[in-house]
Every structure is written in structure tokens, then in C-alpha cells.
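Subject: Structure handover and notes

Dear colleague,

I am passing on the structure we discussed, and I would be grateful if you could look it over alongside the notes that follow.

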Amino acid sequence: MVLPQDFKDKMKNLLKDEFDDFLKGYDKDNFYSLRINTLKANVQDVLEKNIFDFSPVKWCPTGYYYPVNQRPGRHSYHHAGVFYIQEASAMAVVECADIQQGDKVLDLCAAPGGKSTQIAAKLGGTGLQISNEIVPNRAKILSQNIERMGVKNAIVTNESPEKLEKVFPAFFDKIIVDAPCSGEGMFRKDPAVVNEWSLSQVEVCANRQGHILESAHKMLAENGIMVYSTCTFSPEENEIAVQKFIEKHPEYILIKPDVHKFFSAGIPQWADSNNADLCKTMRLFPHKIDGEGHFIAVLKKTVGESCRVKSAKSTADKKLLQPYFDFEKKFLKDISFSNFTLFGENLYAMPEGTPDLSKVKVLRCGLHIGEIKKNRFEPSHSLAMALCKNNVKQFISYPCDSDEMLDYLKGETLNTADDLKGWCLVCTDGYSVGWAKVSDGIAKNHYPKGLRISMA
Ligand SMILES: C[S@@+](CC[C@H](N)C(=O)[O-])C[C@H]1O[C@@H](n2cnc3c(N)ncnc32)[C@H](O)[C@@H]1O
């Protein structure tokens, strides 16, 4: 791998004797990993199915490596949101956030959604999650991943941090700032990143990170925890960024999370600082661990405010919702939704405590339940993904390696038992993957066209 000379010179100067080992890290094979989604599946159940040769990621109880020749992205479980393919080091970030059920959590730089879907699994459907992404196309991908993983209580927004800070002053218990960075830690995995790198790019990123951290600070409540992470090695974007932030905001303390033991300590000297607390930050070096290059700092705000923001009112007129209630009665069981809101024909169940979002660009305002068209209700794909087979009166489950499952994912019509009629949840080994509408033994396929697999 050809590394930029400026980068090598800088790392040699920082790492000194360790530089040769660091370089050898570039010769290591790539690691492939995924995280099992506990919103959809029990980890032990998935392991017992023996579909892949998993070995555990030490710092993430739901993370597993798999061999290069196995392709979980093509498996029906991927379509069912049973797992999310995520780089192993990246899994450490949310593990540091001490997320508790009921927390209000902001993922400020969230696309494509690795950390957001991990937060959602930790919240387990409780609390309120806002997943924000500034780039519109990336925000759409984020929203699709939130849908695939069956997340019910996340709001996806497409805003700048500066805009959000005005809407959510001192609001969140936990904030993840997985900052846009110069990406030095990704050179191994994605050599294309090398071409975008320069010393001046590092400075641009450090400057932007300072602004993002300021916005995050304004949105964090008293006693709140902020996890700052990058996938780069440059001290300007790591120890120096954290030190500058703490100097400006002495009410923050650095926390040493449990997973610290798996990684190297941050290096105060690289920030030209004698703040020994910087050792509580973490450096993830590929020559030392089975994962790519990252940096993580966990900051607690010890003094501040905690603001309540007025909750948005449910805007949906009960009469308009009748077609949904008819659907619910006929096809769902042991589950009900509340806090309904209608955007045109689109019906959402907003998470409890959702603030007024009228000044924010929202892509997904909680769980998209479906569309109410005149007097007809059509359930959404998001609803299918968020339900389990025990939540519906009718389901069809195909084995993951069956021709029927493959045909369903290709969008084909299927034959079913004669006693089924109307909306059926389609599952793979019991994990929901989409809808079919059955009539006279024929299941019309409602797997979204954009997600269907093509055999070409
Ligand atoms: C490292 S990536 C986030 C990865 C994500 N957290 C995950 O786990 O999948 C950083 C994200 O920050 C976004 N970003 C770029 N400029 C930004 C800015 N000025 N403020 C906030 N986010 C920004 C990028 O579009 C990118 O999606």
C-alpha cells in the first residue's frame, strides 16, 4: 500500500520506535465483522444456527468477525435486519456511552447508521433517539438502515449541528459525535481515502470538529455523556481537539470506560499537554488490535442545565385513523402504537417525548406505520421490519436457504396455504422480512422494489 509521504513522516515522528510495527499493520489481512441486532434476534439463537464461522469481537458483546469468503450481506438474515455489517473498531464507540433504557440520545453525524443502529439496540425501543446526518443522500441511507433494523423509536433528521443546537438546548442524556475526519485509520480498508488526504485536509477537519463539538456541548444536559470519536490518527483531530474543548469547557471531565483495557491510552504529549486525563481517551491501532484505526474520548458534563422541550402533540384525527385501527384489529396482536401523526397520507407513531420538530428537516418521524389512502390502509415495510411473528395473526416463515425465501426477496409471487387471507408477515426462520398480501392461496409480494435482489 502506498501511503502519503507526509503522513509517514508525521507518524514516524509521533510513534518513533513503534513506527515499524505500525507500518507492519498495513500488511495484516483485512477483518470482516458484523453486529447481531438484538432488536430482531437473540444473539445465542443466531450463533446456534451456525450459518457463519463467527469469532467474537472482544469489546462488543454483539460483535463477531466472519471469514472473508463468507458473504453475510447476501444472506436473507441481512434483509431481515438480523445483523449490521460494521467494522470492529467502530463498535467500541457506542459501548462507551453507557446508554440506559429511557435515555434521550443524539447521534449527531450518523450516516450510514452503524452507531445509530447500535444505540437503538441498547435502547431496546425505549427512550428517544435522534439520528442526524447533514448530507441529504447519506441521510436517506441512514433512514433505510434504521428501517431494516426494525427500529421503532428513532427520528431521522437532515440538519447541520448549528441548526439542531437551537432546537434541542441542553436536551440529551447522551450524544455521539462520530466526527467527519481525515480518515487516516481507514487507509488500510479503503485505499481510495488515501487520495483525499493531505496535511491541510487534517486542519480543515480539526476546525470543523471544533464547531461540531461546540454544538454538541449546547445540546447535552447536565450529567450527560458525550462520546467523541474519529477514524484518524492525527493528534489535531484527537487529543488536541479534546484538550482544546476541555480548556474551553472546564465543566467536562474525561471518563475511562470499561473497554479502555482493550486499547492503547491517548497520549497527552501528542497534544503538547500535561493533562494526564488524556490517557483516559483511547487509541485503536490496527497493528495492536483486530480492527481499523480509531480514537475515542468519553466526556461527562458535570455542570450545566437540563432543559425540557415541549413534546409535540399527536396531530392525527382519530376518524382519519379508522382504516389503520381496522387493520390493527384484523392483523396485529399483542402490540399497539400511540402518539400518531400524519404527514399527508403517511402515518407515523412518534416516540414518547418527541419535541416539536417543525423547524427541522425530518426524514423519519419515528416508526412509519403505513399509508392511509382514502379509506384504505397499506402497512409500510418499516412496520413489517419492526414486528415479530408474535405480533401478527398470520405469518409465513421460509427457511433461510429455501427457494421460497429467495423467490420472495426477488419479488416473485408465491403459493401459500389456503387458510391465509389478507396481510401476512413474511419471515426467514421466524425473523420478519416484509409483507405479502394473500388471496386464494397466492401471496402477492410486497417486498419493496428497491430492495429486491436481482440474479443478473
Ligand atoms: C464518520 S462518518 C459517520 C459514521 C456513522 N456514525 C456510522 O457509524 O455509520 C461522519 C459523518 O459526518 C457527516 N458530516 C460531514 N460534515 C459534517 C458537518 N459539518 N457536521 C456534521 N456532520 C458532518 C458526514 O456526511 C458523515 O456521514
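Predicted model: local features only at pLDDT ≥ 70, side-chain atom pairs only at ≥ 80, totals over all residues.

E21 has two partners to look at. Strand E19 (residues 395-398) runs parallel to E21 and is joined to it by 4 bridges, and within this pairing phenylalanine 395 has leucine 425 of E21 as its bridge partner. Strand E22 (residues 431-439), by contrast, runs antiparallel to E21, with 7 bridges joining the two, and here threonine 428 stands opposite tyrosine 431 of E22. The hairpin of E21 and E22 has 2 residues between the strands, and aspartate 429 takes a positive phi near 50 degrees in this hairpin.

Another set of strands forms an open sheet of 4, in the order E2-E3-E1-E4 and with antiparallel pairing. At its edges lie strand E2 (55-56) and strand E4 (83-85), each of which pairs on one side only. Strand E1 (residues 33-36) is joined to E4 by 3 bridges, the two running antiparallel, and arginine 35 finds its bridge partner in tyrosine 84 of E4.

Among the helices, I would point you to H6 (residues 114-123), which is mostly covered, with 9 of its 10 residues buried. The buried residues of H6 include Gly114, Lys115, Ser116 and Thr117, and Leu123 is also one of them. Just after H6 comes glycine 124, which takes a positive phi of about 55 degrees.

Aspartate 103 forms a salt bridge with lysine 174, with the closest N and O atoms 2.7 Å apart. Because aspartate 103 lies in the loop between helix H5 (91-95) and strand E5 (104-107), while lysine 174 belongs to strand E8 (residues 172-178), this pair ties together parts that are 71 residues apart in sequence. Both aspartate 103 and lysine 174 are buried.

Arginine 138 and glutamate 133 meet through their side chains in a salt bridge of 3.9 Å, N to O; arginine 138 counts as partly exposed at 38% relative accessibility, whereas glutamate 133, at 7%, counts as buried. Lysine 163 and glutamate 159 likewise meet in a salt bridge, at 3.5 Å from N to O, and in this pair lysine 163 is partly exposed at 36% relative accessibility, while glutamate 159 is buried with a relative accessible area of 5%.

Finally, which residues form a positive surface patch? The patch is made up of Lys330, Lys421, Lys437, Lys444 and Lys449. Of these, lysine 330 is placed in helix H12 (residues 322-331), and because its relative accessible area is 57%, above the 50% cut-off, this residue counts as exposed.

With best regards

Definitions and conventions: Residues numbered from 1 in each chain as written. Heavy atoms only, no water. Patch = residues over 30% accessible without salt bridge, like charges linked within 9 Å, V, L, I, M, F, W, Y side chains within 5 Å. Areas by Shrake-Rupley, 256 points an atom, 1.4 Å probe, with all protein chains shown as cover. Salt bridge = Lys/Arg side-chain N within 4 Å of Asp/Glu carboxyl O. Lys, Arg positive; Asp, Glu negative; His and termini not counted. Charge placed at Lys NZ, Arg CZ, Asp CG, Glu CD. Buried < 20%, exposed > 50% of the residue type's maximum accessible area, 1.4 Å probe, protein only. Pairing = 2+ DSSP bridges.
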